[in-house]
Amino acid sequence: MIRRTKIICTIGPATRDPETFRRLVDAGMDAVRVNFSHSSHEDARRAIELAREVAQDVGRPIAVLADLQGPKIRVGELPKPVAIEKGTEYAFEALHDADAGTTDGAIPITYPDLASALEPGDRLMFDDGRIAFGVEKVEGSRVTARARTHGVLLSRKGLNLPGKALQVPSLTKKDRDDLAFALEHGVDYIALSFVRRAADLAELRDLVDDSTLIIAKIEKEQAVRNLVEIVSLADGVMVARGDLGVELDFEEVPIVQKRVLRLSQESVSIGITATQMLESMTSSSRPTRAEVSDVANAILDGTDAVMLSGETAVGEYPVEAVEAMDRVARRIEGEAGFLEDPSDMGPPLVRTGVHRTVPGAIAGAAVEATQRLGAPFLITLTTGGYTARLVAAQRPSVPILAVTDNPRTYRQLALAWGVVPILHDEPIGYESMLARARTYAFEHGLAEPGRECVVTAGMPFHEPGTTNYMRVEKL
């Protein structure tokens with residue numbers, strides 16, 4: 001059985017060696033995430049090279065997603081860790097100059113406008129909410145806050161200010177340097193962190209070429225308020241539940257996740273569910289029952305991909321984590337009827353947006369015809385990948401064989417739900433591309449000669465977004 005849900009692995013110290021990396025691919029990794037919050041350019045270069053080398057060896061694509069750090073607010077450099085005692089007051093000051101330090105032992109914060117952004121009653125949440133403070137008073141540049149939890153505060157730990165609309169750029173200087181590096185090395189996706197509004201995506205779009213796909217990370221309360229316009233401009237959206245669970249009350253996160261995944265499917269953008277999916281497998285060889293249910297429910301919600309973070313970046317069992325993810329996905333996808341209304345979208349006739357356009361109607365008709373004919377798969381002929389993603393958004397019950405002559409599209413489609421990318425290295429044309437799909441199907445035992453299948457495409461091939469053709473062919 002071909003797994004439809006795709007698996008993204010964050011590459012880090014635990015998985016940078018070639019042997020472990022190859023084992024991740026063998027276990028089912030479809031895409032690598034290069035996290036520029038923790039990766040140097042040399043680390044990133046090696047991960048990209050490994051992805052290209054191993055993909056060539058195994059004969060299937062591996063997408064590369066470059067995740068920009070974004071304007072993350074952090075603790076500055078501390079002389080030593082600070083033991084936090086619940087009920088005790090602590091002082092915080094903005095760090096305007098990395099070498100200047102703060103006064104009277106105040107804890108340094110990397111956000112210059114810290115004091116002006118806060119008022120008594122506001123919350124400071126450090127380290128994904130593990131250490132929390134309530135603001136008591138603001139005097140000049142100094143913020144005094146009372147600890148609501150115990151803990152140990154370390155240098156460079158992240159800080160969230162829930163409910164505050166901060167005046168920070170969507171792309172920092174570091175982000176621009178990392179972006180230039182990523183584009184130079186031909187990554188397939190760029191993930192933008194801490195998106196707040198559609199204008200943040202527009203700024204990034206101006207810096208990349210049309211063939212680079214952009215993932216908007218949903219991890220701010222502002223992003224949730226502007227979700228529809230963000231999803232409409234993004235090529236994909238990631239439910240980044242770590243920061244999102246700090247910005248929002250934690251009980252809100254499952255509802256936001258379902259809404260994001262539904263909107264992504266309606267908008268033909270790739271939906272990714274991320275953070276703490278198999279967190280216990282950072283140090284355990286088996287997932288918890290709750291984690292298995294979490295992965296399963298994300299798949300039932302209609303996610304295109306599930307992502308592993310620390311589990312594969314620094315965990316003790318990275319390969320086992322991928323194997324566990326693969327097992328859960330296959331079991332859920334093997335359950336009869338799991339595709340029926342997977343994200344509470346309702347029947348196809350009431351779907352909105354692109355599904356009611358001519359391309360959407362063609363894709364829907366192709367899926368319906370495939371089901372009525374009992375065809376073993378559906379073939380899409382695509383240059384930029386849109387036709388394949390549009391068909392995937394209809395969630396057919398059979399694999400989608402996507403034939404493309406574009407190597408970058410070939411890699412990008414590794415992240416699209418239910419899509420089996422096939423690279424066509426001959427002159428583009430309907431008959432030759434169909435022949436390539438037919439050969440692939442026979443070689444991989446997906447069908448026997450004489451079976452009928454549905455083919456959909458956009459004509460002419462070189463014009464993206466023009467899905468307008470459907471035909472039934474005999475293999």
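1. In this predicted model, the side chains of Lys217 and Ser193 are joined by a polar contact of 3.2 Å. Lys217 belongs to strand E14, which spans residues 213-218. Its relative accessibility is 7%, so Lys217 counts as buried. Beyond its neighbours within four places in sequence, Lys217 contacts Arg33, Asp67, Ala191, Leu192, Ser193, Phe194, Val195, Met238 and Ala240.

2. The whole structure holds 39 salt bridges. One of them pairs the side chains of Arg142 and Glu93, at 3.0 Å from N to O. This pair links distant parts of the chain, 49 residues apart: Arg142 lies in strand E10 (residues 142-147) and Glu93 in strand E6 (residues 89-94). Glu93 is buried, with a relative accessible area of 8%, while Arg142 is partly exposed at 21%.

3. Arg146 forms a salt bridge with Glu136, with 3.4 Å between the closest N and O atoms. Because Arg146 is in strand E10 and Glu136 in strand E9 (residues 131-139), the pair ties together parts that are ten residues apart in sequence. Arg146 is partly exposed, at 31% relative accessibility, and Glu136 is partly exposed, at 36%.

4. A further salt bridge, at 4.0 Å from N to O, brings together the side chains of Asp128 and Arg130. Asp128 is partly exposed at 38% relative accessibility, and Arg130 is partly exposed at 43%.

5. A network of salt bridges links Arg3, Asp30, Arg60, Asp326 and Arg330.

6. Zero disulfides are found in a search of the whole structure. Cys9 is buried, at 0% relative accessibility, and Cys453 is buried with a relative accessible area of 0%.

How values were computed. Residues are numbered from 1 along each chain as its sequence is written. This is a predicted model: local features need pLDDT of at least 70, side-chain atom pairs count only at pLDDT 80 or more; totals for chains, interfaces and linings use all residues. Side-chain values use heavy atoms; hydrogens and water are left out. A disulfide is a pair of cysteine sulfur atoms within 2.5 Å. Buried means under 20% relative accessible area, exposed over 50%, partly exposed in between (1.4 Å probe, protein chains only). Helices (H or I, at least four residues) and strands (E, at least two) are DSSP runs, numbered from the N terminus. A polar contact is a pair of N or O atoms within 3.5 Å; within protein, one must be able to donate a hydrogen and the other to accept it, and residues adjacent in sequence count only if both atoms are side-chain atoms. Contact means heavy atoms within 4.5 Å.
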